[in-house]
Amino acid sequence: MKTLRLERVTRNLMTFTQPIILEQTTTTRRCFYGELASNNDGDWDLRGTILVERKGQNGWHPQTGDLLSKLKGGDIAKLELRREHVKNFIVGLQVLADAAKLEGIDLRGTELVVGKKDEVVQVGPEHKTIIDDLIRSNHGADFWDALSSVRPDLASQLADAELLKRRKATVAVFEKELESQTWTEPEWERFFEANQWIFGLGLRFQFLSVLQNQANYGGAGFDRTGEQKGEFLMHTEAEERFTVLVEIKRPQTRFFQERPYRSGVPGFNSDFVNAISQVQVNTHTWETEGSKRPRDSEQLAQAHIRTISPRSLLVCGHTGELSDNHDKREAFELLRCNLRVPEIVTFDELFARAKFIVREPAL
C-alpha cells in the first residue's frame, strides 16, 4: 500500500484520498475511510468509517442499507473482523499515520510498531531508555558504560558475541584467501598483524602476544646495511615472558621440488630450505646481538621479557601438497619433528586453529 494524500475539508477536518481495503472480491469490498480531526487545542486524532461497497459501472459505491446510527440496540449482534481484515487494518493505519506526518501532523498517543518476530527485541522501559540514548547520541562508549552499570552480565555477553562475530568473519576471509592464493607475503603479514589472536596459542600451548612487527634482529653494519628483519617478534604470556620469532611466507610455497632426490627420498624445495635457514640465522642474530643492545635489553627487562635460546615459528606452505604422497608426508613430518629451530606450522594448520578458537560452544 502506498502512502496516501490528505484533502482538507474544513479547518478542523481532513480526509484521506483512498480507503484501507480490509477485504475485496470482484463485486464487493469492505474498507475503512480515514479522517483526521482536530479539537480546539489543535490536537489531531484519527477517526473513520467502515463501509461495505459494491462495484458498479462507475467504480465503487456504498451498498444501500440502514446506517448503524439509525439501527436500534440489538439489531447488529456483532461486526466481525477476520484475521486478514485486522492485518490489513493495522498496516493501513500505519500508512495513514505516515500520510499525516507528510502534512506535519504527528498523531497523539502510543505509536504502534509492527514487525517480524526475528527483527524485534522486547525490552523493559529501563533498557529502552538506554537504547534510545544510544541512538540519539551515537556514542557507543557511553552506551556500554550505561549498560555495564545496569546489566554487567548482559554487556559482557554482548561484547563476547560481537568479538566472536568479528573473528568468524576473519576466519571466512582466511579461508577465502587460502583458496584463491592471491595474497603476497606483505598482505599476509598485514592480515596476521591485524588479527594477532590467531597466534594466541603457540604450538606448545603457551599464550603468545606480538611485541613488535618488522623487528630489527641485528646484523647491520655501520652504514645500516645488512639489517636482518622478521615479520613478528612475539613473547609468551606469564609473569616471566620469553621472546619468540615468527616468519611469514605464503601458503603456495612448495615444500618439495618436482623430482625426488633419491628413490623414496623427496627433494626439498630451495625456497622452503632457504626460509628455514633465514629463520635460524635471524634467531641466532637476535639471541647474540639484537636482544643484547643496551637500550632494547633494558626495555625488555623492565617488561620481564627475556631472550634465552629463543623459539621461532615459520608459517609456510599447505599440507595439501602432501595429501597424495606417502614419501612427502613422511619426509616433511620427520624434518619438522627433528628440527628445533624453527617450529614449522602450515597455513591450513593455522587456519584450523583459528576455526577452533571461534568454534561454537558445545551444547
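The following legends describe close-up views of a predicted model.

**View 1. A cis peptide bond joins Val341 and Pro342.** The omega angle of this bond is about -5°. Pro342 belongs to the loop that runs between helix H8 (326–337) and strand S13 (343–345).

View 2. With a relative accessible area of 37%, His304 is partly exposed.

**View 3. Ser309 is a residue other than glycine with a positive phi value.** Its phi angle is near 45°. Ser309 is placed in strand S12. The relative accessible area of Ser309 is 37%, so this residue is classed as partly exposed.

**View 4. Cys31 and Cys316 are shown as two buried cysteines.** Cys31 has a relative accessibility of 0% and therefore counts as buried. Cys316 likewise counts as buried, because its relative accessibility is 0%. A disulfide is a covalent bond between the sulfur atoms of two cysteines. The count of disulfides in this model is zero.

**View 5. A salt bridge connects Glu35 with Arg47.** The model contains 11 salt bridges, and this pair is one of them. The closest N and O atoms of Glu35 and Arg47 are 2.8 Å apart. Glu35 lies in strand S4 (residues 28–38) and Arg47 lies in strand S5 (residues 44–56), so the pair ties together parts that are 12 residues apart in sequence. Arg47 is partly exposed, its relative accessible area being 44%.

View 6. Glu162 is partly exposed, with a relative accessible area of 33%. Arg166 counts as exposed, because its relative accessibility is 56%.

**View 7. Lys176 and Glu177 meet through their side chains in a salt bridge.** The N to O distance is 3.3 Å. Lys176 is exposed, with a relative accessible area of 52%. Glu177, by contrast, is buried, and its relative accessible area is 6%.

**View 8. Three residues are linked in a network of salt bridges.** The members of this network are Glu333, Arg336 and Glu349.

**View 9. Met234 is a buried residue of strand S10.** Strand S10 comprises residues 232–236. The relative accessibility of Met234 is 0%, and the residue therefore counts as buried. In sequence, Met234 and Arg311 are 77 residues apart. In space, the distance from C-alpha to C-alpha for these two residues is 9.8 Å.

Note on methods:
Residues numbered from 1 in each chain as written. Predicted model: local features only at pLDDT ≥ 70, side-chain atom pairs only at ≥ 80, totals over all residues. Heavy atoms only, no water. Helix = DSSP H or I, 4+ residues; strand = E, 2+ residues; numbered from the N terminus. Buried < 20%, exposed > 50% of the residue type's maximum accessible area, 1.4 Å probe, protein only. Disulfide = S-S within 2.5 Å. Salt bridge = Lys/Arg side-chain N within 4 Å of Asp/Glu carboxyl O.
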